[in-house]
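Work through the exercises below with the sequence and the 3D view at hand. Each task is followed by a solution in steps.

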Amino acid sequence: MKDILRELQSLSLKLQRREMTLVDSSVHIKQTINVLTAMKTTGGRSTKKAEQGVSSGFFKDVELTEGRGKINKPRFYESVVATLTKRLPESSLVQTLKALDKRFWPGEQEDLTLYGEQEVHRLAKSLGEPAGEAVGQFRDWKLQGTPPGKTLERLCIASRTYLPTSAECERGFSAVNNTDNQSRNRLREESLSSLLFVDLNGPPLDKFDPVPFVKSWIKAGHRLSSSWKPGRQREEVEPRHLWSILT
């Protein structure tokens with residue numbers, strides 16, 4: 001059980017990455033299925049340690065005794081593998097997006113000639129892009145090695161927006177709770193939406209350069225209210241004083 005939990009934990013952490021695509025998630029799930037299938041007969045690290053303990057009669061200096069309840073190891077592995085297989089089946093969308101991933105292109109030139117063109121045509125139609133132009137750019141990309149054209153590039157970007165899990169939604173809920181809290185519960189919808197957009201899509205604070213935004217804010221003639229508490233008159237800070245503080 002510990003071996004299985006270790007593999008599922010590793011898979012879960014991979015699927016929660018922000019850069020994870022639908023095709024990548026399918027690859028990682030299949031890889032985990034293959035690993036668990038192989039471990040059904042050979043066992044993992046913890047299984048081998050436990051087997052050594054059973055043969056010696058001790059595990060971490062603790063004497064082992066025969067227990068009543070036992071797990072049917074092959075059936076347990078098969079159950080987990082079946083659940084993972086149902087988690088993300090090879091849908092038509094996954095097959096369509098694989099055409100834009102070089103990892104799945106056939107190695108033989110004869111097989112590559114017409115490979116993926118129906119999928120690209122279908123994807124372009126569904127996204128409202130010129131299908132014929134997309135297929136032509138895709139053919140030049142795979143057969144001549146030319147960079148993807150603008151239409152095909154838009155399809156490639158769109159293919160990375162299909163989310164495999166709800167991890168991004170959970171991040172959004174957390175951002176809402178952190179932003180619209182008890183001390184800031186009077187934010188307007190427009191302000192809250194802008195703050196959440198920056199929080200979810202903006203760079204981390206250590207990579208954010210506030211200087212250009214502060215300059216434009218000062219040029220617009222805004223003032224900063226500081227040292228204000230309820231029941232106390234606001235103290236206005238002149239823009240030039242704000243700039244001297246920040247610099």
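The chain has 13 helices and four strands, taken as DSSP runs (H or I of at least four residues for helices, E of at least two for strands) and numbered from the N terminus. This is a predicted model, in which local features need pLDDT of at least 70 and side-chain atom pairs count only at pLDDT 80 or more, while totals for chains, interfaces and linings use all residues. Residues are numbered from 1 along each chain as its sequence is written, and side-chain values use heavy atoms, with hydrogens and water left out.

**Exercise 1.** Determine how H1 and H2 are oriented and which residues join them.

Solution. Start with the axes, which are lines fitted to C-alpha atoms over the stretch in contact, with angles from 0 to 180 degrees between N-to-C directions. Those of helix H1 (residues 2-15) and helix H2 (residues 22-42) come within 10 Å and cross at roughly 175°. H1 is therefore roughly antiparallel to H2 (the term applies to angles over 145 degrees). Next, list the contacts (heavy atoms within 4.5 Å): on the H1 side they include Ile4 and Leu11, and on the H2 side Ile29 and Val35. By class, the contact of H1 with H2 has seven nonpolar, four polar and three charged residues.

**Exercise 2.** Is Asp101 buried or exposed, and what does its side chain meet?

Solution. First locate Asp101: it is in the loop between helix H5 (92-98) and helix H6 (109-112). Its relative accessible area is 17%, so Asp101 is buried (buried means under 20%, exposed over 50%, partly exposed in between, with a 1.4 Å probe and protein chains only). Then look at the side chain: a polar contact of 2.6 Å joins Asp101 to the side chain of Arg103.

**Exercise 3.** Is Lys49 buried or exposed?

Solution. Lys49 lies in helix H3 (residues 45-56). With a relative accessible area of 53%, Lys49 is exposed.

Note on methods. Polar contact = N/O pair within 3.5 Å; in protein donor to acceptor, adjacent residues only side chain to side chain. Parallel < 35°, antiparallel > 145°, perpendicular 65-115°, else oblique. Nonpolar A, V, L, I, M, F, W, Y, C, P; charged D, E, K, R; others polar.
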